[in-house]
Amino acid sequence: MALKQQPSNRSPTKHEQVLGQRIERLRLSRNITQADLAEQAGIGIRTLRRLEAGNGGTLDTFFRILSALKLDGNVELLIPDPAIRPIERVRMKGSERKRASSSQVRSKNKQPWRWGSKQDGG
């Protein structure tokens, strides 16, 4: 049985700060200087300092650092594999979804909005 993950209440800024702190702690636990890690990752030392401080960075920078720390094998864990399960394939009669449904299909039962309706408060 798959575990349900609770949605995070963290903002993107908070995620950046947490990841930056983890990178810094991991770097220090391995006794690597900022200059050495920046060189191994092929980035500037100021870029690494900003990332560790949680002040933003690019995905490219983040992945370069993960690679330099030999953690890039775990990147696939960030987003689960959307492979279709066998039971879903049976329900869909062997076909796999190629695109998402339009919002019009999902909202078939809703009444169209009209001026003066109760929905707009007037």
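**Contacts and charges**

Tutor: Leaving out residues up to four places away in sequence, Ala68 is in contact (heavy atoms within 4.5 Å) with Leu37, Gln40 and Ala41. This is a predicted model, in which local features need pLDDT of at least 70 and side-chain atom pairs count only at pLDDT 80 or more, while totals for chains, interfaces and linings use all residues. Residues are numbered from 1 along each chain as its sequence is written, and side-chain values use heavy atoms, with hydrogens and water left out.

Student: Where is the place of Ala68?

Tutor: Ala68 belongs to helix α4; helices here are DSSP runs (H or I, at least four residues), numbered from the N terminus.

Student: Is Ala68 buried or exposed?

Tutor: Ala68 counts as buried, at 14% relative accessibility. Buried means under 20% relative accessible area, exposed over 50%, and partly exposed in between (1.4 Å probe, protein chains only).

Student: And how far apart are Ala68 and Asp36 in space?

Tutor: Their C-alpha atoms are 9.8 Å apart, and 32 residues separate Ala68 and Asp36 in sequence.

Student: Changing topic: how many salt bridges does a search of the whole structure find?

Tutor: The search finds two, a salt bridge being a side-chain nitrogen of Lys or Arg within 4 Å of a carboxyl oxygen of Asp or Glu. One of them pairs Arg27 with Glu52, with 2.7 Å between the closest N and O atoms. Because Arg27 lies in helix α1 and Glu52 in helix α3 (residues 45-52), this pair ties together parts that are 25 residues apart in sequence.

Student: Are Arg27 and Glu52 buried or exposed?

Tutor: Arg27 is buried, at 5% relative accessible area, and Glu52 is buried, at 4%.

Student: Which side chains meet in a salt bridge at 2.8 Å, N to O?

Tutor: Those of Arg64 and Asp60. Both residues lie in helix α4 (residues 59-68), four residues apart, or about one turn of the helix. Arg64 is partly exposed, at 36% relative accessibility, and Asp60 is partly exposed, at 46%.

Student: Which residues gather in a patch of positive charge on the surface?

Tutor: Arg10, Lys14, Arg22 and Arg25 do. Such patches are made of residues with over 30% relative accessible area and no salt bridge, like charges being joined within 9 Å. Arg10 lies in the segment before α1 (12-29) and is partly exposed, at 41% relative accessibility.

Key
Patch = residues over 30% accessible without salt bridge, like charges linked within 9 Å, V, L, I, M, F, W, Y side chains within 5 Å. Areas by Shrake-Rupley, 256 points an atom, 1.4 Å probe, with all protein chains shown as cover. Lys, Arg positive; Asp, Glu negative; His and termini not counted. Charge placed at Lys NZ, Arg CZ, Asp CG, Glu CD. Helix = DSSP H or I, 4+ residues; strand = E, 2+ residues; numbered from the N terminus.
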